[in-house]
Structure formats: C-alpha cells, structure tokens
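Dear colleague,

Please find below the structure that I am handing over to you. My notes on it follow directly after.

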Amino acid sequence: MLIFSCTKKIQQKLPKEETKEKEEPAIPEGPVLPPFTGKLEIKVVFNGNPTSADALIPSLKYNKSKAILMEFDDAALTVVTAYEKLSKTFYTDGCGNNKNYSLGLAVNGKNQYNGKEMGLYTGYAATYGQRLPLILKGMDIMNHSYYHEETGNFNNGKDREKNIKDLDALILEKQGYKINTLIVPSNYTGFQTAAADFGYIGGGSQGTFDKFTQIGKYSPKAKLNDIKPFNYLAIRRAFTDDWSSGGAQWELSNDLLSGNSFDFFEIGTHGIKDEEAVRGFNDWIDNIALKSKDNLIFCSLREFLEYAYIKDHVTKTQLVSANTLVITLDYSTVLNKNISWYDLSLIVKSDKSIASVSINNPDFSLAYNKDTKLINVNRRKIKW
Ligand SMILES: [Zn+2]
C-alpha cells in the first residue's frame with residue numbers, strides 16, 4: 001500500500017469547550033539578534049611547536065557517524081508527550097556535554113475544516129505556547145502548508161507559493177520563528193519547488209520531489225556521501241503511525257545501527273495517540289540510545305541540513321605560528337538561509353597535544369576534547 005507523505009484524516013471528535021486558560025508566552029524573551037555573517041576565530045594552543053597542524057570539518061556534527069532525523073506532522077499535540085522522553089534522552093557532543101534528542105514539528109496554519117488557527121487550537125494541536133519550550137529544547141518548526149489540503153471548507157487550492165509564504169509569515173508573526181524546511185503535505189507536487197524558490201534549505205517527503213534528485217533514491221536508507229553541496233535538498237523519508245514492535249521504524253533503526261550499508265534516515269509520524277503508542281515510542285528511543293553507543297545524532301531535518309550547508313559554504317583558513325593554530329571560519333560566504341544552527345565541529349590533526357582552545361566570539365559556545373582533538377562551536381538563533 002502506498003502511504004502518502006502525510007494524509008490528513010478528518011477529525012474524529014471535537015474537543016470539549018475549553019475553559020479559558022492563561023495564555024502562555026509564544027515568543028522567546030529578549031531582543032532579535034541579527035544573523036551571524038562575521039568571522040569566528042578559533043585559537044588552538046599546543047604543548048610545544050607542532051611540525052604539522054590541520055583542522056577538518058567532519059561530515060556530521062560532533063564527528064558522529066550516524067543520524068536519525070524525525071518530525072511530527074500536522075502540529076501533532078502529542079509532540080509534547082514525545083518531548084517528555086526526548087528531553088531525558090541524550091547523546092554527548094564528544095566533549096563531555098549532553099545533548100537531548102530532538103525533532104521537528106511540521107505545522108499547518110489553519111484547519112481546513114473549521115478555519116481554526118492551529119497554533120491556538122487548544123486540545124487539538126500543539127499551540128504556539130506549547131511549542132516554545134520545545135523550541136528551547138532543540139525542536140524545529142517546519143512548513144507543512146498553510147492549509148493541508150487543496151480542497152475543504154478553507155483552502156488555497158493549488159497555490160503552493162501562497163501556502164508556503166503565508167504559513168511562513170504566520171509563524172514569524174505568532175512564534176517569532178523563521179521556518180527553513182518543508183514537509184510535503186499528502187503527495188502534492190509543487191511544494192518542494194515552491195519551498196526551494198522561497199529560499200528554504202530542504203524538504204522531506206515519501207515520494208514527491210518535483211524536479212529534485214532526492215537523497216535516498218529508492219528507500220529512506222541514505223548515505224552521507226550522496227549529499228553534495230546544495231542550495232536545496234530533497235530527502236526521501238519513511239513514515240510510521242505503528243508504534244508497535246512491527247512498525248517500520250524498528251527495521252530502519254536496527255539496520256542503521258547494526259551495519260554500515262547506510263548512514264542515516266528521516267522518518268515522520270502523526271504522533272503517539274495513546275498510552276500503548278507512547279510506550280512503543282519510548283521503547284524505540286531507549287533502544288536507539290542503547291545501541292548507538294553515543295555515535296549518533298537524533299535531530300530535526302533542519303539541524304542536520306544546516307550543518308551540512310555551513311560545512312560546504314563557510315570559508316576556513318588556517319595559520320600555524322610557533323605553538324598555535326588559528327582557524328578562521330568566515331560565515332560571510334554562507335549565503336543567508338535564515339540559519340538557526342550555526343554549529344560546526346572540527347577535528348584537529350597534529351603531532352602535538354592540545355593545551356587549550358579559545359574563541360573570539362562570546363555568542364558561540366565552545367567545547368573541546370584534548371584526547372580526541374574534537375572542537376565544537378555552537379550558536380543557535382531561535383528568534384527573528
Ligand atoms: Zn500532514
């Protein structure tokens with residue numbers, strides 16, 4: 001059976017009339033910081049003068065070798081439940097810091113049956129207020145079209161551009177958040193093209209890629225080597241609403257973690273609808289954390305793509321002088337893609353051990369591991 005990227009079912013039951021609750025904040029506190037387009041200087045001091053010193057940017061953040069990318073579709077309310085698990089499940093950054101598992105939430109603007117704004121639709125979707133603390137825990141918001149369908153009581157017909165643009169504007173206004181990735185609604189053609197034209201970095205679907213050559217040609221089992229420098233990347237994803245041990249997610253994660261035939265996969269879901277599904281989801285997450293042996297990142301499509309994009313477009317220069325290697329990362333060659341994760345990792349190759357590392361920009365956090373010579377610089381923008 002062909003399962004489309006995400007097919008919206010008619011709502012089964014309407015939530016009971018809500019008692020007016022206190023409005024939660026929907027936008028992060030503090031000022032809007034500009035995008036980073038400057039130079040980040042990393043100074044590595046060695047124990048003695050090296051005969052050689054070089055810094056390489058690994059394919060995956062934190063020099064991991066595998067990745068699982070995930071999203072909940074249709075602004076699924078159960079993303080809140082999922083984060084109860086994800087926020088307590090970690091991989092490390094290779095430098096002693098825990099990073100919690102995270103994923104994306106693909107949202108619509110308004111419900112096509114009753115016209116209700118999804119971000120205010122209490123008891124049905126994850127509201128703006130519910131999303132904010134999850135964004136702070138690493139969640140991304142993804143474009144899933146203003147209206148999910150071409151038809152219905154409320155719709156934009158076949159106007160992909162309007163659906164992309166209007167949802168982007170709504171989330172910017174109500175959540176202070178700039179979207180950068182797409183999840184194709186149903187199997188509608190034209191969304192990947194519209195998202196690319198709008199400047200997004202990439203999009204996922206089970207089978208709809210328009211003119212783009214998708215990563216994961218025939219299956220969601222994908223290799224990092226297939227990702228060449230890109231402006232927009234379309235990715236084939238898997239999909240599951242079966243959280244039992246028979247769900248598609250198990251074969252994917254088991255194969256990913258037991259061999260080397262592929263490096264990553266992306267998977268979507270409508271959520272975890274009951275206690276049994278929650279148990280199944282939690283078991284799956286626990287199993288990944290156990291089997292991955294801290295060699296995997298579990299994150300949103302955007303976090304994954306932005307690392308790859310920055311890696312390919314940042315201008316790295318290096319200078320060795322006496323016992324010091326200065327690495328300059330010039331972000332001005334990273335064309336504005338409304339980057340959220342400015343993170344980069346570096347692996348230093350040298351015959352001398354590292355004494356200390358410092359950076360010249362306090363907006364980035366720095367972590368390093370003297371034994372593995374891994375250096376991480378991190379900065380996330382969550383308010384526009
Ligand atoms: Zn959907």
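How many bridges join strand 16 to strand 19, and in which sense do the two strands run? Four bridges join strand 16 (residues 344-350) and strand 19 (residues 374-378), and the two run antiparallel. Ser 345 stands opposite Asn 376 in strand 19.

Before I continue, two points on the basis of these notes. Residues are numbered from 1 along each chain as its sequence is written. The model is a predicted one, in which local features need pLDDT of at least 70, side-chain atom pairs count only at pLDDT 80 or more, and totals for chains, interfaces and linings use all residues.

**The chain as a whole**

The chain has seven helices and 19 strands; helices (H or I, at least four residues) and strands (E, at least two) are DSSP runs, numbered from the N terminus. Its radius of gyration is 21 Å, close to the 21 Å given by the globule rule for 384 residues, so the chain is as compact as a globular protein of that length. That radius is taken over C-alpha atoms, and the globule rule is 2.2 Å times the number of residues to the power 0.38. Along the principal axes, the C-alpha atoms fill a box of roughly 70 × 45 × 45 Å.

Of the 384 residues in the chain, 44% are buried. A residue is called buried if 20 or more other C-beta atoms lie within 10 Å of its own, exposed if 12 or fewer, and partly exposed in between, with C-beta atoms placed from the backbone. Among contacts between residues at least 6 apart in sequence, 75% join residues at least 24 apart (a contact requires C-beta atoms, placed from the backbone, within 7 Å).

Strand 18 pairs with strand 19 in the antiparallel sense over five bridges, and Leu 366 stands opposite Val 377 in strand 19. The hairpin of these two strands has four residues between them, and Lys 373 there takes a positive phi near 60°.

**Helix 3**

Helix 3 (residues 160-175) has 16 residues and reaches 22 Å from its first C-alpha to its last, close to the 22 Å expected at 1.5 Å a residue; the expected span is 1.5 Å times one less than the number of residues. Its buried residues are Arg 160, Asn 163, Ile 164, Leu 167, Asp 168, Leu 170, Ile 171 and Gln 175. They cover an arc of only 165° around the axis, which puts them on the same side of helix 3 (the arc is that of the directions from the helix axis to the C-beta atoms). These buried residues pack against helix 2 (128-136), strand 7 (140-143) and helix 4 (191-197). Gly 176, with a positive phi near 60°, follows helix 3.

**Two loop residues**

Most residues other than glycine have a negative phi. Ala 75, in the loop between strand 3 (66-72) and helix 1 (79-86), has a positive phi near 50°. Ala 75 counts as buried, with 27 C-beta neighbours inside 10 Å. Asp 294 has a positive phi of about 60° and lies in the loop between helix 6 (275-291) and strand 13 (296-299). With 12 C-beta neighbours inside 10 Å, Asp 294 counts as exposed.

With kind regards

Methods: Contact = placed C-beta atoms within 7 Å. Pairing = 2+ DSSP bridges.
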